[in-house]
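Let's take a walk through this one together. Have the viewer open and follow along from one spot to the next.

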Amino acid sequence: MADNKAKRGGADRALIALTEKYEVAYWSKKFKVTPAKLKYAVKKVGHSARKVEEYIKLQKHRAADKSRIALSEPYEVRYWSKKFKITPAKLRLVVGAAGHSSKKVEAYLTAQKAAKKKKAKKTTKKAAKKAATRKKAA
């Protein structure tokens, strides 16, 4: 149904008309979402601008919350420890050192793994050097 241009009151301002391009553009810009996300939100919660705004804020909050590791929740500790292939105790230590961001934890673990490989490589080279000097001496 098209927007009634004769109605210009508060009730009309509180509704989102998806059939009007200028309204879709306005509300998309206001809520900082794509027109497709705006249309999906309207279909999900209705044409009320207030409800759509609440829904979009909730979705943004959930998206931001997914990348954080909550050590207070046992299911999250299990999930992240399986994902990073470490024990829950080690996960707690790493989160303490790197922070609650899953990206920071992943970067920290990658750096530790690289340092461990580098150290193992040096140890192997030293052992090979010692073996070579022993052969010369013998």
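Start in the loop between α2 and α3, where you'll find K32. What is near 55 degrees at K32? That's phi, and it is a positive value in a residue other than glycine. K32 also counts as exposed, because its relative accessibility is 69% and the cut-off for exposed is over 50%. Keep in mind that what you're looking at is a predicted model, so treat every value here as computed from predicted coordinates.

α2 covers residues 21-31 and α3 covers residues 35-45. A pair of packed helices is described by two things, the angle between the axes and the distance between them. For α2 and α3, the angle is about 95 degrees and the axes are 9 Å apart. Angles of 65 to 115 degrees count as roughly perpendicular, so α2 is roughly perpendicular to α3. Which residues make the contact? On the α2 side they are V24, W27, S28 and F31, and α3 brings in P35, L38 and K39. Sorted by class, that contact holds 5 nonpolar residues, 1 polar and 1 charged.

Is K85 buried or exposed? With a relative accessibility of 75%, K85 counts as exposed.

Move on to the next loop, the one between α6 (88-98) and α7, and pick out S101. This residue counts as buried because its relative accessibility is 19%, and buried means under 20%. What does S101 touch, once you leave aside its neighbours within four places in sequence? The contacts are S67 and R68. For another sense of where S101 lies, take A64: the two are 37 residues apart in sequence, and their C-alpha atoms are 10.0 Å apart in space.

T133 counts as partly exposed, because its relative accessibility is 49% and exposed would need over 50%.

Time to zoom out. How many helices and strands does the chain have? The tally is 7 helices and 0 strands, so reading from the N terminus you get α-α-α-α-α-α-α. Next, the overall dimensions: along its principal axes the C-alpha trace spans about 105 × 30 × 20 Å. The radius of gyration is 28 Å, whereas a compact globule of 138 residues would come in near 14 Å.

Buried residues account for 23% of the 138 residues. Among the contacts with a separation of 6 or more, 25% are between residues 24 or more positions apart. As for the surface, the accessible area of the chain is about 11100 Å², and carbon and sulfur atoms supply 59% of that.

Key:
Residues numbered from 1 in each chain as written. Predicted model: local features only at pLDDT ≥ 70, side-chain atom pairs only at ≥ 80, totals over all residues. Heavy atoms only, no water. Axes fitted to C-alpha atoms, helices over the stretch in contact; angles between N-to-C directions. Helix = DSSP H or I, 4+ residues; strand = E, 2+ residues; numbered from the N terminus. Parallel < 35°, antiparallel > 145°, perpendicular 65-115°, else oblique. Contact = heavy atoms within 4.5 Å. Nonpolar A, V, L, I, M, F, W, Y, C, P; charged D, E, K, R; others polar. Rg over C-alpha atoms; globule rule 2.2 N^0.38 Å. Buried < 20%, exposed > 50% of the residue type's maximum accessible area, 1.4 Å probe, protein only. Areas by Shrake-Rupley, 256 points an atom, 1.4 Å probe, with all protein chains shown as cover.
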